[in-house]
Amino acid sequence: MKLSKTLPTLLGSFALLASAVTAKAEAAFQFGFFAPDMQLVDATEDVRGLRINIVYGENADVSGVDLGVVNSTTGDFAGFGWALGANLVEGEAVGVQWSWIYSHTAGEFTGWQSAIISRASGAGSVGFQSGFINLAEADFKGLQLGFVNKAAHARGLQLGFVNWADRLDGLQIGLVNYAENSDVYKVLPFVNWQF
């Protein structure tokens with residue numbers, strides 16, 4: 001009788017231990033100087049809350065507020081990211097990415113991305129890109145506002161000095177406007193459109 005009561009308890013304890021070992025660790029606060037060795041939370045762990053990176057910080061998934069010089073997320077990002085140097089997201093990003101120099105999301109991006117160079121290279125992006133150079137390497141739906149705007153498939157408005165779209169479903173306003181799929185002219189000054 002004791003074995004019949006002890007065995008389920010023992011198996012339950014092993015199951016709890018196994019789930020604790022395999023569960024992804026996450027922290028509410030991260031402070032780091034230079035990843036991966038000089039930060040409080042390991043680079044493979046998630047941060048859900050506040051992350052402060054003095055020089056370079058790296059974590060898996062980050063959600064919340066991300067502040068630093070270079071903020072690197074190897075997974076997905078959700079929240080507000082501000083960096084003096086760069087915001088780098090290898091997965092998907094939702095929210096705001098503001099950087100002085102460079103913002104890049106490798107996956108889908110939804111929100112506002114702003115930097116000297118703003119780059120979204122995922123399958124699709126929705127929102128607002130503002131910067132000196134805005135690059136959307138796949139579908140971009142929304143507004144690109146900058147000196148140079150380039151999108152593989154621009155759906156919405158490109159407003160800048162040079163606007164480039166391999167496929168345009170919308171409006172371009174600028175000095176040089178290029179739309180590969182234009183029914184009239186591929187290159188037009190001041191305004192170009194394709195609907």
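This is a predicted model: local features need pLDDT of at least 70, side-chain atom pairs count only at pLDDT 80 or more; totals for chains, interfaces and linings use all residues.
Q: How many bridges join strand β8 (residues 109-120) to β9, and do the strands run parallel or antiparallel?
A: Strands β8 and β9 run parallel and are joined by 11 bridges. Two strands pair if DSSP finds at least two bridges between them. Residues are numbered from 1 along each chain as its sequence is written, and side-chain values use heavy atoms, leaving out hydrogens and water.

Q: How does β9 pair with β10, in the parallel or the antiparallel sense?
A: Strands β9 and β10 pair in the antiparallel sense, over 7 bridges. Within this pairing, Leu171 stands opposite Trp193 in β10.

Q: How many helices and strands does the chain have?
A: Helices (H or I, at least four residues) and strands (E, at least two) are DSSP runs, numbered from the N terminus. This chain has 1 helix and 10 strands. In sequence order the pattern is α-β-β-β-β-β-β-β-β-β-β.

Q: What percentage of the 195 residues count as buried?
A: Buried means under 20% relative accessible area, exposed over 50%, and partly exposed in between (1.4 Å probe, protein chains only). By that scale, 39% of the 195 residues are buried.

Q: What percentage of contacts join residues at least 24 apart?
A: Contact means heavy atoms within 4.5 Å. Taking contacts between residues at least 6 apart in sequence, 2% join residues at least 24 apart.

Q: Is Asn134 buried or exposed?
A: Asn134 counts as buried because its relative accessibility is 0%. Asn134 belongs to strand β9 (residues 124-179). Beyond its neighbours within four places in sequence, its contacts include Ser118, Gln144, Val148 and Lys150.

Q: Which backbone nitrogen does the side chain of Asn134 reach?
A: A polar contact is a pair of N or O atoms within 3.5 Å; within protein, one must be able to donate a hydrogen and the other to accept it, and residues adjacent in sequence count only if both atoms are side-chain atoms. Here the Asn134 side chain reaches the backbone nitrogen of Gly131 at 3.4 Å.

Q: Which peptide bond is cis?
A: Most residues other than glycine have a negative phi, and most peptide bonds are trans. The bond from Ala35 to Pro36 is cis, with omega near 5°. Pro36 sits in the loop between β1 (26-34) and β2 (38-39). As for phi, Phe190 has a positive value, near 70°. Phe190 is in strand β10 (residues 187-194), and its relative accessible area of 56% makes it exposed.

Q: How many salt bridges does the count come to?
A: A salt bridge is a side-chain nitrogen of Lys or Arg within 4 Å of a carboxyl oxygen of Asp or Glu. The count comes to 6. In one of them, the closest N and O atoms of Arg48 and Glu26 are 3.3 Å apart. This pair links distant parts of the chain, with Arg48 in strand β3 (residues 46-59) and Glu26 in strand β1, 22 residues apart. Arg48 is partly exposed at 35%, and Glu26 is partly exposed at 48%. A network of salt bridges links Glu26, Asp46 and Arg48. Another bridge joins Arg167 to Asp169, with the closest N and O atoms 3.4 Å apart. Glu180 and Lys186 meet at 3.7 Å, N to O.

Q: How many aromatic pairs are there?
A: A pair of aromatic rings is described by the distance of the centres and the angle of the planes. Rings of Phe, Tyr and Trp (its six-membered ring) pair if their centres lie within 6.5 Å; planes under 30 degrees apart count as stacked, over 60 as edge-to-face and the rest as tilted. The count comes to 7. Trp98 and Trp112 form an edge-to-face pair, 4.9 Å centre to centre with 80° between the planes. Trp98 lies in strand β6 (residues 93-99) and Trp112 in strand β8, so the pair ties together parts 14 residues apart in sequence. Trp112 and Phe128 form a tilted pair, 5.3 Å centre to centre with 35° between the planes. That pair links Trp112 in strand β8 to Phe128 in strand β9, 16 residues apart. Ring pairs link Phe80, Trp98, Trp112 and Phe128 into a cluster.
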